[in-house]
Amino acid sequence: AQTYAESEFWKQEVDAGNMPPVAERLPDAPLVVDLRAKGREPGRQGGTLRTMITRSKDVRQMVVYGYARLVGYDADYTLRPDILETFDEEDGRIFTLKLRAGHKWSDGADFTSEDFRYWWEDVANNAELSPSGPPEFLRAGGRLPVVTFPDAQTVRFEWPVRHPSFLQQLAQARPPFIYRPAHYLRQFHKSYADPDGLAQQIRKRRVNSWAALHNKYDNMYKNDNPSLPTLQPWISATTDKGSSRFLFVRNPYYHRVDSQGIQLPYIDVVEMSVVGGGLVAAKANAGEVDLQARGLDFRDTSILKKGEMEGAGYVTRLWANGAASQIAIYPNLNFNDPVWQKVIRDVRFRRALSLGIDRRIINRALYFGLAKEGGMTALSRSPLYDPDNLHRWSSYDPATANTLLDEIGLTERDRRGIRLLPDGRPMEFVIETAGERQEVENALAIITDTWRDIGIKLVMRPLDRDILRNRAYSGVTMASVWFGWDNGLPTAETPPAHLAPTQQEFLSWPKWGQYVQTRGKAGEAADMPAAQELLRLAEAWDRALTSQEQEIIWKQMLRIHSDEQFAIGILAEAPQPVVVSDRLRNVPVDGKWAWEPGAHFGVHRIDEFWFADAESNS
Amino acid sequence: MSPLLSVHNLRIGFGKAPDVVQDVSFSVQRGETLALVGESGSGKTITCRSVLRILPRAAQIRGGQILFGPEQTDLLTLPERQMRDVRGNQVSMIFQEPMRSLSPLHRIGNQVGEVLKLHENVSADEACKRVLAAFEQVGFADPERAFRAYPFEMSGGMRQRAMIAMAMVARPQLLIADEPTTALDVTTQAQVLGLIKDLQRETGMGLILVTHDLGVVANMAESVVVMRKGRVMEAGPAGPILTDPAHGYTRKLLAAAPTIPKDIEPAPPLPQEDLILEMKDVSKTFTMKSRGWQAPQLVKACQQVNLKLPRGKTVAIVGESGSGKTTAARIAMAAETADAGAEIWFRPQKGAAPVAVHDMNSAQRVAFQRQVQMVFQDPYSSLSPRMRIRQALTEPLEIHGIGTWAERRDKAEEMLRLVGLNPGMLNRYPHAFSGGQRQRLSIARALTLDPVLLVCDEPTSALDVSVQEQVLELLEEIRDEAGLSYLFISHDLAVVARLADEVAVMRQGYIVEQAPPATLFNNPRHPYTRALIAAQPKPDIRRPIDLLEVSRGAGAPRDWPEPFGFDGDDPPALREIEPGHKVRHHA
Amino acid sequence: MTFFKYAAYRLVTMLLTLLVVSVLIFVIINLPPGDYLSNQIAELRATGQAEGVAKAEFLRKEYALDQPIWRQYLVWMGFAPGPNGYSGLLQGNLGWSFYNDEPVADVVGGKLWLTVLVNVAAVIFIYAVSLPLGVIAAARSKTWADYLTTFIGYLGLATPNFLLALILYYYGRKYIGLPIGGLMDPSFEGEPMSLAKIWSVLVHLIVPTFVIGTAGTAAMMQRLRANMLDELEKPYVETAIAKGMSPSRMLTKYPLRMAFNPFVADIGNLLPSMVSGSVIISVVMSLPTIGPDLLDALRTQDQFLAGFVLLFVAFLTLVGTMISDLLLVMLDPRIKFAGRRS
Amino acid sequence: MSILPDGRYVDDAPYDAAEDLSAIERADLDAPSWLLMWRQFRRHRLGLISGAFLLFCYLMLPFAGFIAPYGANERNALHLYAPPQAVRLWHEGEFVGPFVYPITAERDLVRFQWTYEADRSTPRPLEWFCDGAEYRLFGLIPTDTHLFCAPEGATVFLWGADRLGRDVFSRILYGAQLSLTVGLIGITVSFLLGITLGAIAGYFGGVLDWLIQRTIEILRSLPELPLWLALSAAVPSNWGPVAVFFIISIILGLLDWPGLARAVRSKFLALREEEYVRAAEMMGAKPGRVIRRHLLPNFMSHLIASATLSIPAMILGETALSFLGLGLRAPAVSWGVMLNDAQNLASIEIYPWTAIPMLPIIVVVLAFNFLGDGLRDSLDPYKS
Ligand SMILES: Nc1ncnc2c1ncn2[C@@H]1O[C@H](COP(=O)(O)OP(=O)(O)OP(=O)(O)O)[C@@H](O)[C@H]1O
Ligand SMILES: Nc1ncnc2c1ncn2[C@@H]1O[C@H](COP(=O)(O)OP(=O)(O)OP(=O)(O)O)[C@@H](O)[C@H]1O
Ligand SMILES: [Mg+2]
Ligand SMILES: [Mg+2]
């Protein structure tokens, strides 16, 4: 049997008898990470990792970065069991999850199928806690699964129809927690807690019902309750929410070890401080962080490099952004103005817009030419990548663009050379932005010039993020700018729902999305053939039996997108500066910076990073 | 022995203009009083101020020396830091216009006591005690009230006395008094002068006394400097100069000095029919600004004043400083509202329906304001500091839309000439005038509108006798030609005797005696009237008045002999003892 | 009217005004269509997060948000009893912040005093710097001292705050080791007061105070200088000089007091304007003041939080105006508030 | 002069009792007040220079396009972040006339900066009265003639180029057109309101005062932030940035007056008790006149100082609001917009010339200040 070394950090506690030794804390079969096989160096425990967030709410990033999931992606973006010892999928309908025997919550209590049952029966299906029933993602074809708990280490989900996206959902950056620390939460649950004690708690916590109390203490994602047991590598150790510094200490019961028998995470303490967005670069430049990407933009690179050269003790790495597009324009197909709507829905118009963008210059001006120019599609590292999709309708070709626009019949122009709409108004194409990113403004400034050549006047309108969304959702926005799809690295198994008009967040079809999301209560049904085709394909993917089938569907959908230019991507894979302390090891040199899949740092397994001593460093 | 202060060949000028003070020299010994007399605007004030080096920014000292003290330090070159010790401590000054010279935001006691704190390092209590004592000495009936009062709550004379107290509490070696008693009635004046004399005897204080009142000079000064147009005309011991003036100007001055004529021909009582102004039962009670927790103190400024002013006549009010003269006049002008029950009637023309001044509508008010004008006791504060004199003088015309621009300017020029000023001064701001010049400006302004009633509140107090003569003549002339009526307030009984058709004597808010001047001056009945007349100084060095004696005046009302005495708020009625002669006495 | 009567009268007016303002604030907050919970419910529904919806619905009921608007106001203020014993502002229940998912009191609690701290520091800075400098600039007008202070003042005024903050932070850190952002070293947070902690707070306050304060300082200094110049030639100043007062004492006792009148009128606005004015600064400089919360609350229509903060700022404004009115009467005995006879 | 035996001093210059006043200068007397003021003002050297400078600035505005070598939004894709270029006269000891060396950009992928290399061998003389980007003279006449332009194959970035390769110098000139004008409207509105209402409240007191005071209190207590947020959602989409900013500066003016009004009021409460105000009233002056002629002049210094102080706020107003998406934005150019672009560390530390717009702001603000000071001085009665 493997022997495990006790961490310095908890040694005192263990010696004092407050905590069992490490061997007893680990699951019977911990997840052993073979670092060398991954091309990483095994490290040693210790150290404090400093990083910054811009709002105190962002403590939830620890859940993202920690990335302990039932199943999670590995570096190749394939799904592997993580907290689970194994999982088993039958027919895309029946999922058997096997837990690790002896796995414990961060407070030392056993983690068993009871925790799943508690969630399923006492939370998800409790009318007071979840009045509208279990979460939507558990529905396949509108049907809920049958969940059974054959033994302490086994949980089974069984659907009548295929539910292929179930596992992917579990691996999300923001995972659905389908388990809860039952032993802890029972004290707030009406069915378990002693009524007097509960009533007292309700009063003390200034809430009005036991459900509110339960809700208050049950936030696995928000990470705001330090006493809530967790399975993440670090556990929150800061109680004061108003604080500007949050500390996280190593989870003594964490389930991963390296092949030397050293329990992960290597790093003892993570210190997150809340810093104003504008000051992140300045603080990083001053060497006040060990690992930072959030809050840094590409344009900070020069100042970061400068700090690096002046010996602030870090290196600046440039990772590629994992969003499908760094900047994408979403012409609103649901725009309320009927004349405009008709124009926008004309594919030739959208193609002309795209052809009228000089992506090379934008790339050069904003990203030193380091980003990838082209439309919005799967990124080059995705198996679904197709260079044709990237380049279709996305080369700078004002002549073709003009021809296309003329073909639509927009031939009239005013004195300034701006084309006129059929009803005689000049074509002032208003693009609304969230006003947060200067690169967007600069890109639009460049596009303004090239669009003028095709007779379209671009009017940029910076708004507040929330206002922008609300306007777009209600159809008053003509067009908006946002990132491309979060997930630029899809595989055939990735659910393609976001490619079809199923979500209002895709700002080209907010109303169609609402229609699907609200099951017809709001919004409008998609009424363009291409969009209907996308919907059909998305459903087909659900039913597809093999990944080959799924891949074909994916490719069709991507092809439709690049053909139709629903969203006009401009650039992708823009470099994301990542500041890494000189002392920090195992941080990939060439990583992907993606929310989905990958949970930003999560997929790079921050728990495997470690601090080299100063001597061994030089 | 070296003199306490000697001024040698002092020359001062403004801007590029010629010197306003030319080669002035004089000296003051310890314990000596030097009187500085002369024409209004002759540079007296500027000379005095140069001793303390507090000249207007635009002034330049172009030459000369001012030597002070046993060391004969030149005050003109003394470093600022040492100068600070001289000011207020060794040399202090009573400014000519005390109303402007006090900070409006600080209580009087505070401002006066500050001198002690600055130079003598005394405790707050001690300072307070000494200030109260000084207030008592300068004739405040209620020193406590004065201590707590703000300048705007005081009458002109009270402010002047506060200024005097301020200059004297620190017992300086040299006191420069620039017309210190212009706003004081003669008894109070005697008291103050007596006080200064005492202090001189006690401490050997030197005194430079600027005054226009040759009677005061005769009573106070050992030596005299006569100035005119910035030059010393004559200087030397007081006796010879007053008795046998050598210089033509001095002679002219002495000749112009007014006195109460011995035998005024008795005039019939004033006609009672065509009254231009009638005040009935006018009383005014002020509420003093109190500290948050104290109950507010009430001041009865004037009480039950009844006055009748026939058209074309002059009614004069004389009386104690602080007795409510100004208040009564302001009420007549509708500048102040009287307590309830008062009635003031104004008849613009003969036979016209009277206007109730206490209750006018806005049309009436506009008409009233055009016909009634006032010469303010304090001309400096009644001129807007940011208006050139031309604007100030043409403003009344502009307000009432009279004339064109050029006509207004011509009128302004003419008015200036009438009061003896140079129209070249039209572009100046008010601060660039001497005290007497400002007073004349004020008169000129009041006259521009050709009013029918003019309320004059001590209009000539700052004028030298010759200019005063000129102004009085002017007033008489207008009265006779245009039938102007005057409500005339003055401390100078000689002026009153000359101008008035009827005189009301006020004391503590009450009219105590009222009669035509002949009757009043020949046959004064009320003890206070008698005291006043006795206290009037005469420009005769051989017959000095006993300052101490006259300053006692008639004493407090409760000490007055029967049937005049009364206590508190319960005075006897004003009764007619002979036609046109009213005296407040018990029947 | 005695001072006390006036003060009492002023207090009553203030409370009445506050009442009016509270209504207006409530209306303004509710003016934009929708509210936090409805938005959230819509979004949660759309994304299929049913548990959130339940919670949101629950909160709506709990805080009477399902009732007509006038009733909501009454309940919020505590004039009418709310459901389930929700008691309203007057009884100290500040309501629930939906955005932060915490009682408003908890969100606001610690930050209020920090807000006050930062702003009071700025106010002190403004006064401590601009009073003497303004007086000196006036007394020594048209000398290098005057020009230099003017120049620096305008430099601060003409630099956008954020740029100024960035420059000061960056070079401050580079050359004198000043900390960047925050109000104290994080390690002191939640620690009891100690000298080291106070020191840390002071060091951290340097840049924010400077950034928030410069604009105010320059403004105050220039205005003070102008007003002082007007007073310096007045006769009462000569009297003071004739008394032999030292210039500094004389200047502060007499002309300064006179020149101060317009500033007293504005004292009331100092605190509240900086609370709202420093919102943006606080956001960019990551100061844990109430400002950023207010901005978030307004953006997301988190009505109780926004309402309370706004009401609090309004309260500060009103109290400030009242104090300045009272000070005005105390400072200038000539002032009467009675009407003019026309 | 003679000394009499009794020690008396007697002046023996001829004495004329009736000696009249000296002759007066008519011209001087008839000078209208503005002339007198101007004479005073002329003596304030700095104020005079500042005034002349500002006059020059404003006169230049219609010609900004002519003086600027580039268009306001003319990008030079090959010269991003180009540093300021010197215009030289001598090349290798030889007089060539004004010329520049062409520069070429290099991507430095180690430091992630643009570096520039000047080609010192080929001097390129500037072109004069040449054709360039189109602009509107006086905002009306479209033309494309510029005073000077970059020669073929070279650039002339006097003050460098920004992130998109736009000429900072030209943009400053164009920016002046907006920065120096639009905000003035807001100031005017707020001053008019503030002075009028403050004066009414202070002078009349009583009920009017009460009403105005409560309005002020309520206005001040009401939050501006939600207003801006609402506004940013409500402004029609196709409004140009300048139109939006125009509206906003007027609204700013409408909201900004209470501070001034209170200052005016408190001062007037005290001033109205002054004797000269009473005197004017007793002469029959109407309230309007009393306020204009007697009260306002005594508060002029404060007003001038306040007006001067709001100049920087007016120029930079948009930077504060752009945070809420309401400020001026591209394609409008103003100094505030330019500074907004420069609000990051790289601009300060690596490309400092992008922060050059601070310079004209400060110069203009100081000029306004000295002009105001001169004005104040010329109104000061004691300065003569
Ligand atoms: N700031 C000034 N600018 C120009 N001239 C001035 C200024 N101040 C005073 N003067 C002039 O200087 C002369 C002397 O003034 P000063 O005040 O000394 O006169 P005065 O003898 O005290 O007169 P009065 O008896 O009227 O007070 C006057 O003619 C006056 O007009
Ligand atoms: N605004 C005021 N507030 C309080 N008391 C005042 C006010 N104005 C005048 N008084 C008081 O009223 C009384 C009369 O003042 P008034 O000015 O009428 O005196 P006066 O007879 O003109 O004296 P003087 O000869 O000294 O000018 C004085 O005691 C004075 O202190
Ligand atoms: Mg004089
Ligand atoms: Mg009087």
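This report describes selected local features of a predicted model, from its metal sites to its backbone geometry.

Residues are numbered from 1 along each chain as the sequence is written, and chains are lettered from A and ligands numbered from 1 in the order in which they are written.

**Chain contacts**

Contact here means heavy atoms within 4.5 Å. Of the 5 pairs of chains in contact, chains C and D share the most contacts. Chain A and chain B are joined by no contact, and their closest C-alpha atoms lie 44 Å apart.

**Magnesium sites in chain B**

Donors are N, O and S atoms within 2.8 Å of the metal (3.2 Å for Na, K and Ca); water is not among the atoms, so sites may look incomplete. Helices (H or I, at least four residues) and strands (E, at least two) are DSSP runs, numbered from the N terminus.

| Ion | Protein donors | Distance |
|---|---|---|
| Magnesium ion (ligand 3) | Thr45(B) (OG1), Gln96(B) (OE1) | 1.8 to 2.2 Å |
| Magnesium ion (ligand 4) | Thr326(B) (OG1), Gln377(B) (OE1) | 1.9 to 2.1 Å |

Buried means under 20% relative accessible area, exposed over 50%, and partly exposed in between (1.4 Å probe, protein chains only). Gln96(B) is buried at 11% relative accessibility, as Gln377(B) is at 14%, whereas Thr326(B) is partly exposed at 22%.

**Strand pairing in chain B**

Two strands pair if DSSP finds at least two bridges between them. Strand 14 (residues 343-346) of chain B runs antiparallel to strand 11 (residues 275-287), joined by 4 bridges, and antiparallel to strand 15 (residues 355-356), joined by 2 bridges. Trp345(B) stands opposite Glu278(B), and Phe346(B) has Val355(B) as its bridge partner in strand 15. Ile344(B) and Phe346(B) form the covered face of strand 14, while Glu343(B) and Trp345(B) form the uncovered one.

**A buried loop residue in chain A**

Gln232(A) is located in the loop between helix 8 (210-217) and strand 9 (234-236) of chain A. This residue is buried, with a relative accessible area of 6%. Beyond its neighbours within four places in sequence, the contacts of Gln232(A) include Met62(A), Tyr67(A), Arg69(A), Asn251(A) and Tyr254(A).

**Backbone geometry**

A cis peptide bond with omega of about -10 degrees joins Leu264(A) and Pro265(A); Pro265(A) is placed in the loop between strand 11 (256-258) and strand 12 (269-274) of chain A. Another cis peptide bond, with omega of about 0 degrees, joins Glu562(B) and Pro563(B).

Arg605(A), although not a glycine, has a positive phi of about 55 degrees. Its position is in the loop between strand 23 (592-593) and strand 24 (610-611) of chain A, and Arg605(A) is buried at 9% relative accessibility. Asn9(B), also not a glycine, has a positive phi of about 45 degrees; Asn9(B) lies in strand 1 (residues 5-14) of chain B and is partly exposed, at 42%.

Methods: Predicted model: local features only at pLDDT ≥ 70, side-chain atom pairs only at ≥ 80, totals over all residues. Heavy atoms only, no water.
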